[in-house]
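Let's take a walk through a protein model together, one piece at a time. Keep the 3D view open and turn it as you read.

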Amino acid sequence: MNLEVEAALGMSRKWNAREAGREVAETAIKNLTLPPDFFLLFSTIHYEKYGGFQEFLNGVWDILPKKTPLIGGTVPGFINNYGCFSRGTSALAVSCPSMDVVVGVGRNTKRNPHRAAKRCTEMIQNGLKESPYKNKFLLNFISGPVMPSIPGLGQKKYIRSGFISKFAIQALNLSQVLVQKGLAREDEVFEETVKQLPDYQMILGTSMDDYRGMKNYQFFNDEVLTNSVVNLGLATDLNLDVHTTHGMKETDQNFTITKLGAGNHAICKIDGKPAVPELLRLLDWPEGFLNEETMLHTILYYPISLKRNGRAVPVVMPLIMKDYIIVPCIIDDGKVSILTVSGKDLINAVKENLQYFDRIQPEFGLFSTCVTILQTLGHRTNIVQEELCKYFKDKSFLLFYSAGEGTYSQTEDMTYANMSFNTAVFGHRN
Amino acid sequence: MRDDPIAQVLDDLLKLDDILACMVARRNMISVMPSDEGFKPEVNQIWDNIHRAMDDVFGVIGAYSQIGLGEMEFRLQGYEVLFYVFPDTENALVAIVPALANKGLLEVELENARREILKIMTNPNQTSDSKKKDDEVYVTA
């Protein structure tokens with residue numbers, strides 16, 4: 001039995017925040033015959049300088065029917081049926097008679113991720129507890145990492161020398177708790193969310209700016225937030241599935257983490273030796289090769305495969321503090337492999353991911369993908385868009401870029417990764 | 001120049017923080033410049049050297065664009081110059097960016113601009129209304 005689902009994409013490339021907000025809502029709504037049951041909204045950071053995000057949201061609400069559940073936030077880029085973009089805004093609006101929808105919010109994710117996750121999931125549970133529909137989905141969208149603000153140094157991703165470096169880990173903790181600048185702790189929010197809602201299939205994504213890691217915003221109905229988690233929860237009779245692929249391969253370069261710190265976010269020692277000098281030796285990089293300017297263009301392309309509760313967690317290494325490697329999630333000690341990935345591997349990961357959904361006739365799709373993939377592929381990102389268009393044909397899809405992403409289902413358990421491709425497809429099983 | 005749709009595409013690019021200069025050019029000639037205020041001031045001190053190097057690069061583009069040369073780039077001091085060649089021509093969209101810019105994100109918009117300029121070049125009558133540009137959604141082929 002085909003259900004009458006309508007899914008429409010909105011988009012704007014206008015510079016003015018209010019005008020862009022109006023246009024992204026208008027272009028979505030005009031393709032629906034019924035009011036939307038939800039509105040997912042993503043934009044790049046540029047509107048901050050061209051009117052601000054409250055004005056942007058005001059423009060959206062000039063057009064969107066009142067009380068439409070809306071979540072989203074800032075992202076470094078997105079892909080949809082129209083193309084690939086690192087400037088602008090895009091939205092996915094869905095109307096479905098057999099769907100119940102609720103949105104939730106939790107605040108202060110960097111300071112207290114568990115409480116934020118619990119508050120947010122309570123709203124989802126309360127909103128959908130009476131729903132008769134059996135298939136449940138959650139988009140878990142969390143404020144992404146922001147460069148820690150270190151007294152005397154400002155926002156840096158590489159701190160190895162100087163007086164302040166001696167207290168780097170303590171400074172990171174202070175920055176995290178006091179001003180909520182630092183690691184996103186999205187893995188902790190996600191783990192708690194999965195614990196609270198184990199019967200939901202989920203996609204995890206994080207909000208970001210234009211890859212500078214200076215600030216990011218989340219949208220919850222008509223509010224612009226920071227350091228928050230926003231959830232879209234839905235129950236439906238549509239079939240749905242989620243899946244993660246990444247394409248990274250192990251190399252023969254391995255090491256063992258022998259000491260962790262900073263709440264198991266920092267690799268302090270590798271094979272019994274200080275982590276950073278030992279890592280440089282393993283990679284055959286001279287001391288001084290890594291610095292504030294070169295970090296983004298070097299170490300982010302050497303992901304490592306860590307472990308967490310027995311799961312493989314492939315991640316990039318975003319921060320260096322003294323001799324410690326800061327990783328984006330909580331990890332366990334033990335054996336680590338340095339990974340490698342090529343542009344071709346990334347494209348193949350996309351194809352492999354879509355093949356997983358061969359038995360679903362799609363109505364719409366939602367994707368969360370790592371921003372390092374956008375950075376790596378550059379203008380070849382269009383190849384990804386072409387693959388998505390081949391699968392979805394005339395059905396709407398929206399991919400947003402993240403810094404920390406994953407999926408969860410009861411059959412595949414939780415996957416958290418960087419440089420990964422995470423998909424949710426909604427439709428009808430063949 | 002203000003009503004030139006290609007100049008308007010360049011204006012959009014120049015609004016991005018890390019695009020210091022952009023133009024449509026060929027060897028010994030800049031065909032289209034942004035219509036607003038020109039390049040960003042930090043480019044001025046190195047422009048002469050970059051301009052000379054560009055002309056040398058256009059020699060290579062001229063030799064190989066007919067057999068599928070798509071993009072070229074070079075780094076000079078603290079800057080990178082990116083060339084997005086218009087297929088089968090000796091012209092290119094040229095952009096100057098800081099050497100350590102987040103190039104991947106910029107490349108996405110440079111590719112969008114190349115495609116938009118190509119559309120304008122091949123269908124000049126359809127884009128004669130400058131107001132229409134604001135309402136257009138970029139659509140890939």
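Start in chain B, where B:Leu82 stands opposite B:Ala95 in strand E5(B). A quick word on names: helices (H or I, at least four residues) and strands (E, at least two) are DSSP runs, numbered from the N terminus. Two strands count as paired if DSSP finds at least two bridges between them.

Before going further, some housekeeping: residues are numbered from 1 along each chain as its sequence is written, while chains are lettered from A and ligands numbered from 1 in the order in which they are written. This is a predicted model, so local features need pLDDT of at least 70 and side-chain atom pairs count only at pLDDT 80 or more, whereas totals for chains, interfaces and linings use all residues.

Back to our two strands. E4(B) and E5(B) form a hairpin with six residues between them, and B:Asp88 in the turn has a positive phi of about 60°. Most residues other than glycine have a negative phi. E5(B) has another partner too: strand E1 (residues 21–26) of chain B pairs with E5(B) in the antiparallel sense over five bridges, and there B:Val24 has B:Leu93 as its bridge partner. E5(B), residues 92–98, is mostly covered, with six of its seven residues buried. Here, a residue is buried if 20 or more other C-beta atoms lie within 10 Å of its own, exposed if 12 or fewer, and partly exposed in between, with C-beta atoms placed from the backbone.

Now hop over to chain A and look for strand E2 (residues 38–43), where six of six residues are buried. A:Phe38, A:Leu40 and A:Phe42 point one way from E2(A), while A:Phe39, A:Leu41 and A:Ser43 point the other way. E2(A) pairs with strand E6 (residues 89–95) of chain A in the antiparallel sense over six bridges, and with E3(A) in the parallel sense over five bridges. You can see both pairings at A:Phe39: its bridge partner in E6(A) is A:Ala93, and in E3(A) it stands opposite A:Leu70.

Follow the chain into the loop between helix H2 (53–63) and strand E3 (70–74) of chain A, and you'll find A:Lys67. A:Lys67 isn't a glycine, yet it has a positive phi of about 70°. With 8 C-beta neighbours inside 10 Å, A:Lys67 counts as exposed. A:Asn108, in the loop between strand E7 (99–107) and helix H3 (113–128) of chain A, also has a positive phi, about 60°. A:Asn108 is partly exposed, with 17 other C-beta atoms within 10 Å.

Next, zoom out. Chain A is divided into domain 1 (6–145 + 183–245 + 344–429) and domain 2 (249–340), with bounds that come from an automatic or database domain assignment. The C-alpha centres of these two domains lie 29 Å apart. Where they touch, twelve residues of domain 1 are in contact with 13 residues of domain 2; contact means that the C-beta atoms of two residues, placed from the backbone, lie within 7 Å. On the domain 1 side, the largest share, three residues, comes from E28(A).

Let's finish with helix H9 (residues 381–392) of chain A. At 1.5 Å a residue, its twelve residues should span 16 Å, and its end C-alpha atoms are 17 Å apart, which agrees; the expected span is 1.5 Å times one less than the number of residues. Which residues of H9(A) are buried? They are A:Thr381, A:Val384, A:Gln385 and A:Leu388. Seen down the axis of H9(A), these buried residues fall within an arc of 100°, so they line one face of the helix; the arc is that of the directions from the helix axis to the C-beta atoms. Among the elements that they pack against is helix H3 (103–122) of chain B.

That brings us to where the chains meet: 18 residues of chain B are in contact with 25 residues of chain A. The largest share of chain B's side, nine residues, comes from H3(B).
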